[in-house]
Amino acid sequence: MYRRLTFLASHRLICLLTMFVVLTAFYSLMTPLFEAPDEVWHYAYVRYLAEKHRLPPLDGDDSGAYQEAGQPPMYYAVAALISGLAPDNDLEELMWHNPGFGYQAGGTVNDNKNMLIHTEAERFPWHGAVLAIRLARVASLAFGLLTVAMAWGLGEEAFPDHPAMAFGVAAMVALTPQFLFVCGVVNNDSAAAATATLVLWMLARVLNRGATLWRSVTIGIATGLAALTKTSLLLLLPLALLVLNTVTLRHQGVRSAVALSSVLLLIACATGGWWYVRNALLYHDPLAVQVHMNTPWGRAVPASIKTILADLPAVYRSYWGAFGWGHIQFPVGVYLAIGVAPVLSLTGWINALLHRCLPRRWAIFLLALTWWMLIGAALLEWMRRVEAPHGRLLFPAIAAQSLLLAGGWAALPRIPVPQGVFISLLILNLLTPVMVIRPAFAPPELLSPSEAARKVQGTELIYGDVARLLGVSLDRTPVSPGSVLKVRACWEGLAAMKQDYTVFVHLIGRENARVGERHTYPGLGRFPTSRWLPGRAFCDVYRVRVSDWAPVPELYDVVIGLYDAGTGERLPVRTSWGGEVGLPVVAQVRVAMPGMPAGLPGDAHPLSYRLGAEIMLIGYRLSGEIRGGEPLTVTLYWQATGTPAGDYVVFIHLLDTEATGQPLILAQDDRPPRYGRYPTSAWQAGEVIPDEHVLIIPPLSDARHIQLMTGMYHPATLERLPVSGPEGPLPDGLIPLR
């Protein structure tokens with residue numbers, strides 16, 4: 001029976017490892033080169049070792065490894081042995097940087113996901129630098145395989161009578177989306193997970209089988225290698241000594257405990273300590289912390305607890321899946337669904353504690369919990385010093401966490417929790433590369449001009465005789481200050497271009513105030529103009545954040561153009577029939593506060609006059625007394641009771657009512673509402689519109705009797721709108737203000 005179970009378990013493991021290789025390769029193929037956290041710097045470290053045969057210096061950037069030069073060398077040495085088989089003399093040809101990468105578009109999600117512009121050079125068959133990078137990624141895959149295998153071994157030690165649960169521990173590691181992603185790129189987190197899991201497996205065997213000299217030697221070697229992989233793994237050394245001493249003191253006495261601990265400590269220090277001694281002697285920084293601190297994300301002052309707590313959701317998301325440079329994420333619902341699994345496990349552990357039915361090998365679970373807490377504490381301390389809410393930094397404890405999850409599930413009533421979790425994660429991992437990662441880096445779909453034109457509206461504009469804007473469409477109107485407007489624009493290439501132009505989208509208001517803007521390469525950074533094909537079209541969606549301070553309610557012009565980022569020179573624009581266009585306004589968007597404001601400001605004078613059928617004047621406010629030689633600001637408060645049929649002009653007249661004949665106009669301001677930026681035809685029923693006017697008051701004699709009047713008229717006919725008030729119609733369409 002035992003042999004049959006062992007046979008089934010080994011075959012399950014082989015199937016799991018095969019599935020892990022396939023899924024990791026799938027993630028790797030869908031992730032373009034250097035589009036993973038710090039991969040460009042990790043690879044620079046690898047090539048420096050492969051070509052220079054020495055460690056990168058910490059006091060300069062000769063290697064190009066930036067802060068990764070402060071990482072221990074074990075992973076990079078292994079990757080260099082593999083990557084060094086291929087030359088990378090053409091590496092610079094791959095480094096076509098996207099200038100929009102990392103550009104925070106006024107607080108919106110960074111839609112330029114790609115650091116580099118990717119071309120056909122990265123396609124199979126690989127050669128040169130592409131092959132060298134792909135080979136370096138194989139090292140990560142190998143360490144990932146070791147992690148899964150050691151997680152299975154750890155599960156066997158914890159569940160000796162339940163091979164299915166041991167398999168479940170390994171499966172949970174192998175099916176974590178972020179771990180698959182990390183094992184498919186150049187990154188030392190896979191090696192950290194592998195060496196830490198190896199040590200945990202060895203310590204679990206000590207807890208089950210006792211301590212021996214050979215086990216002390218091998219744990220010392222493994223712990224030293226772990227320290228050469230990630231500085232946080234130095235915590236394995238005190239944990240290993242604690243386990244070894246606890247077991248030895250119980251069964252073999254003090255002398256054996258001292259001897260075996262000394263052997264472990266000496267071998268660990270001999271294996272992994274030399275790198276830390278080298279840093280201390282050369283740079284007076286044994287942990288190479290300053291290399292990481294001297295970056296834009298190093299904190300000058302340690303972060304507060306409040307800041308760290310605010311970052312914990314990002315840690316959770318990036319543990320399970322935050323791809324690219326961490327800015328390609330699942331929908332929120334996926335993270336919530338994944339959270340069900342640990343909640344069920346925690347429920348199982350609480351049930352086990354309440355009923356005092358802990359697992360028989362409880363010491364191994366305690367070991368896993370201790371290591372998980374140590375790595376968690378190390379991450380929190382790192383987050384205090386560096387802005388790094390990266391869940392992948394918990395991967396040294398990924399097997400420990402998977403073991404704890406499985407232990408909680410095993411304590412639940414007989415419900416198929418593991419099977420449901422594994423099937424769900426498998427489906428998620430099959431979909432993620434093609435539905436989440438690939439679309440973030442793929443160039444836009446090419447269409448015929450007629451197909452693209454059907455997706456938008458507006459007048460065609462031609463830019464420099466090389467590009468045509470087929471039209472635009474807005475996702476919604478109105479928008480509110482602080483919100484994001486999505487502008488769909490469809491382009492057609494008219495001629496081949498050597499220059500890579502930048503697209504700009506501006507929201508322009510009164511006095512050319514710019515209340516929103518977006519700058520990017522076309523295709524949201526993935527389709528520069530030098531790659532456009534004449535006669536082919538595509539559509540972009542630009543996210544433009546409206547500034548919080550944007551005056552409302554108003555209509556703003558949406559302006560779209562192309563310019564040379566090096567010189568700032570814009571391409572000239574003309575219409576399709578040849579007319580020159582100074583400012584390429586392609587649409588207008590209404591910006592207003594959400595909801596309708598109620599009432600008037602406290603210092604406003606209330607009124608109740610109806611103009612025509614759809615407009616009310618409900619109040620006004622003066623900036624001060626009417627004095628000769630001083631300007632006067634008059635703010636009118638209009639309210640729409642419906643949608644006005646036309647665009648009317650507001651007038652404010654200061655009249656001398658004792659002038660002979662018709663009243664004499666001493667000062668006036670005639671113009672459409674809100675400085676012409678919010679015509680009455682754009683008003684919405686129920687909306688209150690503050691409308692500011694400035695009068696330049698001439699010198700006044702004390703004998704003059706003056707009157708301030710307002711109203712509206714048709715600009716074409718100069719006919720005033722009829723006015724009625726609480727006491728009936730007013731003559732001449734004039735409303736007295738004071």
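Reader: What rules apply to the model as a whole?
Author: The model is predicted: local features need pLDDT of at least 70, side-chain atom pairs count only at pLDDT 80 or more, and totals for chains, interfaces and linings use all residues. Residues are numbered from 1 along each chain as its sequence is written, and side-chain values use heavy atoms, with hydrogens and water left out.

Reader: How many aromatic pairs are there by the rule?
Author: Rings of Phe, Tyr and Trp (its six-membered ring) pair if their centres lie within 6.5 Å; planes under 30 degrees apart count as stacked, over 60 as edge-to-face and the rest as tilted. By this rule the count is 29 aromatic pairs.

Reader: Why is the pair of phenylalanine 323 and phenylalanine 330 called edge-to-face?
Author: The ring centres of phenylalanine 323 and phenylalanine 330 are 5.3 Å apart and the planes stand at 85°, so the pair is edge-to-face.

Reader: What makes tryptophan 532 and phenylalanine 538 an edge-to-face pair?
Author: Tryptophan 532 and phenylalanine 538 have 5.1 Å centre to centre and 75° between the planes, which is edge-to-face. Both tryptophan 532 and phenylalanine 538 are buried.

Reader: How do you know that arginine 671 lies over the face of tyrosine 675?
Author: A charge sits over a ring if NZ of Lys or CZ of Arg is within 6 Å of the ring centre and within 35 degrees of the ring normal. Arginine 671 lies over the face of tyrosine 675 at 4.3 Å from the ring centre, and arginine 12 over that of phenylalanine 167 at 5.9 Å.

Reader: Why are α10 and α11 called roughly antiparallel?
Author: Helix α10 (residues 236-251) and helix α11 (residues 254-283) pack at about 160°, with axes 8 Å apart. Angles under 35 degrees count as roughly parallel, over 145 as roughly antiparallel, 65 to 115 as roughly perpendicular and the rest as oblique. Therefore α10 and α11 are roughly antiparallel.

Reader: What makes α13 roughly perpendicular to α14?
Author: The axes of helix α13 (residues 305-320) and helix α14 (residues 332-354) come within 11 Å and cross at roughly 85°. That angle makes α13 roughly perpendicular to α14.

Reader: Why is α14 called oblique to α16?
Author: Helix α14 and helix α16 (residues 398-410) pack at about 60°, with axes 7 Å apart. That makes α14 oblique to α16.

Terms used:
Buried < 20%, exposed > 50% of the residue type's maximum accessible area, 1.4 Å probe, protein only. Axes fitted to C-alpha atoms, helices over the stretch in contact; angles between N-to-C directions. Helix = DSSP H or I, 4+ residues; strand = E, 2+ residues; numbered from the N terminus.
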